[in-house]
Every structure is written in C-alpha cells, then in structure tokens.
Amino acid sequence: MKRTPLKRKTPLRAKSPMRRGGGRLRPRSGKVQRAQRRRPWAYMGWVRELPCAAADKTCAGRVEAAHTGPRGLGRKSSDWQVIPLCGWHHRMGPAALDRIGPRQFEAARGFGIRDLVARLNRCWELATGNEIHHVDIGTGDRSAADDAC
C-alpha cells in the first residue's frame, strides 16, 4: 500500500514573533493567573491551640480554625476571621456553624462571632507585636479586647 502525505486545504498561518519587553505572557489555557494570597499560618495554628469557643458536653474532635467572615461564591473568608471550634461545632453537628449559618449559631450559643474575632485578633497583636491592618471586623472596643487576653 502506497502512502501519500495528507494535503491541507487551508495553509498554515505564520506565527507572530514573541514580544520583546517586560510584558506578561498569558498561559496557554487563556486563564489569567491570580497571585496567591499570603496565609497567616502562625495565627491559624495559634487559634487551633485554643479551646472550642462553643464548649459544652457535645464537643468532639480536635479544634479547627473555622472561617466566619463574608466570602464570595467558591471563596474562603480572610484567615484573620477565624474562631476556634471543634469538628462537631464547626462541621458535623446538627447545630454546627457550617450547617445553620453564623446568625443562628450566634443566637444558639449566646456570643457574637465578630466580637470573638476582634478579641482574638487583638490578643494576637498583643502577643506578637504585629498589627493586623486589613481586617474589617466592625466596631469593637479595643480596651475590652485587651482585658480579655
């Protein structure tokens, strides 16, 4: 059997030369890559060492850093807006934060999540000397947070 090369109906286009200069090249998939966010691993580790904020007889599992702030679809809130919760109160229990939402969780537990986040952030600032600039946690009384640490 004789083999003949396939013939193109349309000619190939000439490729344009690469740009010179410092321009960013886009990846082949066409998606623009976002810069990775810097995560405060030390702060989140410190929060995980604290006892569960909703401590009662039903606490189960190790303490996790539960993200509580506002977030977009498919995104996590800021790592500075976390509270310490055990696995039961964070994800698994029938009245867990991820199941019933922050408003009902606050009503059931009797404490304000935003106040707790403000208190934890202030305690971290006092312990490490690093100020947290970029977190909007509402109006909190800094002196009351200082007394709680």
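These are my notes from looking through this predicted model.

**Ground rules.** I number residues from 1 along each chain as its sequence is written. Since the model is predicted, local features need pLDDT of at least 70 and side-chain atom pairs count only at pLDDT 80 or more, while totals for chains, interfaces and linings use all residues, and side-chain values use heavy atoms, with hydrogens and water left out.

**Overall layout.** I get 6 helices and 2 strands for the chain, in the order α-β-β-α-α-α-α-α. Helices (H or I, at least four residues) and strands (E, at least two) are DSSP runs, numbered from the N terminus. Of the 149 residues, 29% are buried; that label means under 20% relative accessible area, with exposed being over 50% and partly exposed in between (1.4 Å probe, protein chains only). The chain exposes about 12100 Å², and carbon and sulfur atoms supply 51% of that. The area is a Shrake-Rupley value with a 1.4 Å probe.

**Alanine 66.** I looked this one up in strand β1, residues 63-67. Alanine 66 is buried, at 0% relative accessible area. Skipping residues up to four places away in sequence, I find alanine 66 touching Gln81, Val82, Ile83, Leu85, His90 and Leu97; contact here is heavy atoms within 4.5 Å.

**Core.** Which residues have the most contacts inside the largest nonpolar core? They are Tyr43, Ile83, Leu85, Leu97, Phe105 and Ile113, in a core of 20 residues. α1 (41-49), β1, β2 (82-86) and α5 (113-128) each supply at least two core residues, and α5 gives the largest share, 5 residues. For the record, such a core is a set of buried Ala, Val, Leu, Ile, Met, Phe, Trp, Tyr and Cys residues joined through side-chain atoms within 4.5 Å. I also checked phenylalanine 105: leaving aside neighbours within four places in sequence, its contacts include Leu85, Leu97 and Ile113.

**Rings.** I count 5 aromatic pairs. Rings of Phe, Tyr and Trp (its six-membered ring) pair if their centres lie within 6.5 Å; planes under 30 degrees apart are stacked, over 60 edge-to-face, the rest tilted. Tyrosine 43 and tryptophan 46 have ring centres 5.9 Å apart and planes at 35°, so I log that pair as tilted. Both sit in helix α1, 3 residues apart, about one turn of the helix. Tyrosine 43 is buried at 1% relative accessible area. With tryptophan 124, tyrosine 43 has centres 5.4 Å apart and planes at 75°, so that pair is edge-to-face. Because tyrosine 43 lies in α1 and tryptophan 124 in α5, the pair ties together parts 81 residues apart in sequence. Tryptophan 124 is buried too, at 12%. Ring pairs join Tyr43, Trp46, Trp80 and Trp124 into a cluster.
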